[in-house]
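Please open the model in your viewer and keep the selection tool at hand, as this tour goes from one selection to the next and says what is to be found at each stop.

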Amino acid sequence: MSTTYTLDTSTSRANPTPQPMKRLSVPKIQRRKVDGVTSEPVVMLTAYTARMAQLLDAQCDMLLVGDSLAQVIYGLPSTIPVTMEMMCNHGAAVVRGSYHSVVVVDMPFGSYEASPQHAYENAARILKETGAAAVKLEGGEVMAETVRFLVDRGIPVVGHVGLTPQAINVLGGYGARGRSDAEAKKIIGDAIALDQAGAFAIVLEGVLEPIAIEVTNTVGAITIGIGASAKCDGQVLVTEDMLGMFERTARFVKRYHNISENIEKAARDYAHEVRNRSFPGADQLYQPKK
Ligand code: KIV
């Protein structure tokens, strides 16, 4: 399927981004970290649709088409059932809706673990069909060979260690990682392996803060924290979590809004007006020309 459309902002029902901006690049993001210090933290949020991408784009450096769309969009119990088709379709929508941010698309469970070659085929498909600049995959040392294989062949990679939701069946829960010495050592070793393999950024999810700080101070890659530390080189959150779309979220989520209340109120008002026949009103109706 060809997905190389551009969003026609003059006819789209979405508001056009007022001033299309030049898109950031992976090397530009990488250059933010100089001698282990990132003077301007990297801002990342998830987006799964063109309209959300339009709304977030100007405020972000990177947009992540996360496989968290499993729960947020599709009502699935975990990220395990996510398919390449879902990631390609949502990835293409987010690229169409953005002008500025580096778009990163998650590789779904089962699309990259078997071999570097298998990962390459699927990562290349994601970049071709979406126009995104990079892919993200979960796992540390065990994925280092694959990361090197992709990077050497022109595919920028974001790593993801600590709490890795695709491994839920092995981890047994979504709690913070790194509470034992062995687990802490493993997370740090995993991040170093990904860094050495050429990952340009590494998501540190749900790890104890000292681990996040040590990784950030050790690796050349940009560390992106989610439930990690404000001292990471950047931060990411699931947009719907920070907008207050869900009643239950992880401890590390800060709600910047309560959008679910606004949606419920709008639906209540609409239902009321339909039932008492005050909607549609004169402003919403067409009458014969006089
Ligand atoms: O899928 C996702 O949204 C993610 C972020 C939570 C980092 O991987």
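Select Thr-223 and display its surroundings: in this predicted model, leaving aside residues up to four places away in sequence, Thr-223 touches Ile-202, Leu-204, Val-215, Thr-216, Cys-232, Asp-233 and Gly-234. Thr-223 belongs to strand E9, which runs over residues 222–226, and with a relative accessible area of 0% Thr-223 is buried.

Next, select the ligand together with the residues that surround it, among them Thr-46, Leu-64, Gly-66, Lys-136, His-160, Val-203, Ile-226, Val-236 and Val-238. Of the 260 Å² of accessible area that the ligand has on its own, the protein covers 94%.

Now move to helix H5, residues 116–130, whose 15 residues reach 21 Å from first C-alpha to last, close to the 21 Å expected at 1.5 Å a residue. Colour its buried residues, which are Pro-116, Ala-119, Asn-122, Ala-123, Ala-124, Ile-126, Leu-127, Glu-129 and Thr-130; then show what covers them, including helix H4 (84–96), strand E5 (102–106), strand E6 (134–136) and helix H6 (144–152). Finish at Gly-131, which follows H5 and has a positive phi, near 80°.

Methods. Residues numbered from 1 in each chain as written. Predicted model: local features only at pLDDT ≥ 70, side-chain atom pairs only at ≥ 80, totals over all residues. Heavy atoms only, no water. Helix = DSSP H or I, 4+ residues; strand = E, 2+ residues; numbered from the N terminus. Buried < 20%, exposed > 50% of the residue type's maximum accessible area, 1.4 Å probe, protein only. Contact = heavy atoms within 4.5 Å. Expected span 1.5 Å × (residues − 1). Near = heavy atom within 4 Å. Areas by Shrake-Rupley, 256 points an atom, 1.4 Å probe, with all protein chains shown as cover.
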